[in-house]
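Reader: I am new to this structure and would like a close look at a single part of it. Please take the charged side-chain pairs slowly.

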Amino acid sequence: MTDESDRQTSFPTSSKHVRFVELSSAAMSALLDGDLPAASDTAGVALTEYFVTDRARWLWQVRLDQMAADPRHARWMARQAVTGPEGVVIGHAGFHGPPDEAGMVEIGYAVAPGFRRQGYGRAILIELLRRAAAEPEVKTVRATISPDNVASLATIAGFGFVQVGEDWDEEEGLGLIFEVPANRSRQARPTR
């Protein structure tokens with residue numbers, strides 16, 4: 001997944017712009033240790049306390065375990081969502097892993113509290129869809145969202161996602177499963 005291939009893909013635009021910066025295993029390990037300065041130094045951008053919350057630490061541990069099982073999967077996982085020339089980190093995003101046998105990838109993203117309800121979630125979603133569409137082996141993009149998460153449900157609206165089922169997770173409870181074909185997402189136009 002290269003930024004060059006992403007730029008060559010025609011995609012909807014957003015009033016906000018984000019770029020992704022890889023969150024390496026060394027940075028995630030520092031975050032797990034609660035060492036925000038070391039994690040920021042390793043990441044090359046200033047991370048905030050949002051990256052060392054209990055919820056974030058749980059995610060970093062899951063991703064580190066996945067990377068340890070197969071280091072080739074790292075390119076699919078955690079990235080910081082950064083905006084502006086000064087590189088303000090507004091959240092994180094990635095895929096739950098590489099495409100499965102059917103070519104499905106599941107997206108995951110979070111916007112830091114101080115940046116919510118400003119269009120950054122939609123900008124992150126556009127970049128995730130763009131990256132998925134740039135990968136020939138990706139056929140389907142999935143999003144699993146709690147029925148109570150009104151903001152995330154609104155964010156995917158207008159991108160062609162269709163509810164295909166439900167899932168129960170011990171950590172997160174009920175999740176509604178939405179999917180969109182990766183090639184269809186190239187033409188997706190968000191509705192306002």
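Which residue's side chain does the side chain of E137 meet in a salt bridge?

Author: A word on the model comes before the reply: this is a predicted model, in which local features need pLDDT of at least 70 and side-chain atom pairs count only at pLDDT 80 or more, while totals for chains, interfaces and linings use all residues. Residues are numbered from 1 along each chain as its sequence is written, and side-chain values use heavy atoms, with hydrogens and water left out.

The partner of E137 is R75, and their side chains meet in a salt bridge at 3.6 Å, N to O, where a salt bridge is a side-chain nitrogen of Lys or Arg within 4 Å of a carboxyl oxygen of Asp or Glu. E137 lies in the loop between helix 5 and strand 5, and R75 in the loop between helix 4 and strand 2 (79-83), so the pair ties together parts that are 62 residues apart in sequence. Helices (H or I, at least four residues) and strands (E, at least two) are here DSSP runs, numbered from the N terminus. E137 counts as partly exposed, at 35% relative accessibility, and R75 also counts as partly exposed, at 31%; buried means under 20% relative accessible area, exposed over 50%, and partly exposed in between, with a 1.4 Å probe and protein chains only.

R142 forms a salt bridge with E179, with the closest N and O atoms 2.5 Å apart. This pair links distant parts of the chain, since R142 is in strand 5 and E179 in strand 7, 37 residues apart. R142 is partly exposed, with a relative accessible area of 22%. In the other pair, the side chains of D70 and R72 meet in a salt bridge at 2.6 Å, N to O; D70 counts as buried, at 14% relative accessibility, whereas R72 is exposed, with a relative accessible area of 65%.
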